[in-house]
Amino acid sequence: MSQVLAYIGLGSNLDRPRRQLEQALQELAGLPSSRLHARSPLYRTDPIGPPGQPDYVNAVAALQTGLSAYQLLDALQSIEQAHDRVRAERWGPRTLDLDILLFGDALISGERLQVPHPEMAGRPFVLYPLADIAPQLEVPGLGPLAMLLGTCPPVGLERIHG
Ligand code: ROI
């Protein structure tokens with residue numbers, strides 16, 4: 001079976017965010033035909049979007065998987081739902097958000113799924129944890145990750161220790 005390295009962004013700002021992410025990482029590791037290849041440290045990050053919501057905890061995982069991109073998307077949405085995610089408000093607080101950032105070197109522009117994730121280049125809470133686990137990464141269609149970091153300063157995030 002052909003295997004792809006997929007990068008997944010994790011975020012939470014409700015209901016014990018660190019625990020949400022640690023649990024979600026275990027659930028990613030348990031997906032069929034998949035293996036957790038790497039995970040970044042957790043970061044506390046300032047919310048981007050509507051003000052007045054709690055800080056986020058963010059991380060990025062690299063998953064080696066034999067699933068297709070859409071099978072992976074379905075699996076991520078089931079995990080989100082199991083974490084009681086309520087899709088109440090656009091850009092509002094959430095218990096767990098799992099985004100496919102990259103899927104090998106694929107370029108996907110569907111209705112349900114766009115890869116690379118269309119907003120990743122401007123989001124420090126994605127780029128810095130991604131650089132922790134894949135500093136040499138070439139982002140399909142966008143260029144070297146190192147170049148993207150140069151135009152996205154590490155503002156509003158701090159690595160969580162322990
Ligand atoms: N802000 C931060 N810091 N982290 C997120 O994961 C995140 N996710 C979102 C919006 C609401 C855009 N803001 C975020 O979906």
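Does Arg16 count as buried or exposed, and at what relative accessibility? In this predicted model, Arg16 counts as exposed because its relative accessibility is 55%, and exposed means over 50%. Arg16 sits in the loop between S1 and H1. Its phi is near 60°, a positive value in a residue other than glycine.

Asp15 is also placed in the loop between strand S1 (4–12) and H1. Asp15 is not a glycine, yet it has a positive phi of about 60°. Its relative accessible area is 55%, so Asp15 is exposed.

Helix H1 covers residues 17–29. At 1.5 Å a residue, its 13 residues should span 18 Å, and the end C-alpha atoms are 18 Å apart, which agrees. Pro17, Gln20, Leu21, Ala24, Leu25 and Leu28 are the buried residues of H1. Viewed down the helix axis, these buried residues fall within an arc of 135°, so they line one face of H1.

The ligand has 11 residues around it, of which Thr45, Asp46, Ile48, Tyr56 and Asn58 come nearest. By class, this shell holds 5 nonpolar, 2 polar and 4 charged residues.

| Residue and atom | Ligand atom | Distance |
|---|---|---|
| Asp46, backbone N or O | nitrogen | 2.6 Å |
| Ile48, backbone N or O | nitrogen | 2.6 Å |
| Arg94, side-chain N or O | oxygen | 3.4 Å |

On its own the ligand has 350 Å² of accessible area, and the protein covers 96% of that.

Elsewhere, the peptide bond from Val115 to Pro116 is cis, with omega near -5°. Pro116 belongs to the loop between strand S7 (114–115) and helix H3 (124–133).

Technical notes: Residues are numbered from 1 along each chain as its sequence is written. This is a predicted model: local features need pLDDT of at least 70, side-chain atom pairs count only at pLDDT 80 or more; totals for chains, interfaces and linings use all residues. Side-chain values use heavy atoms; hydrogens and water are left out. A residue is near a molecule or strand if one of its heavy atoms lies within 4 Å of it. A polar contact is a pair of N or O atoms within 3.5 Å; within protein, one must be able to donate a hydrogen and the other to accept it, and residues adjacent in sequence count only if both atoms are side-chain atoms. Accessible areas come from the Shrake-Rupley method with a 1.4 Å probe; for residues, only the protein chains shown count as cover. Ala, Val, Leu, Ile, Met, Phe, Trp, Tyr, Cys and Pro count as nonpolar, Asp, Glu, Lys and Arg as charged, and the others, Gly among them, as polar. Helices (H or I, at least four residues) and strands (E, at least two) are DSSP runs, numbered from the N terminus. The expected span of a helix is 1.5 Å times one less than its number of residues. Buried means under 20% relative accessible area, exposed over 50%, partly exposed in between (1.4 Å probe, protein chains only). The arc is that of the directions from the helix axis to the C-beta atoms.
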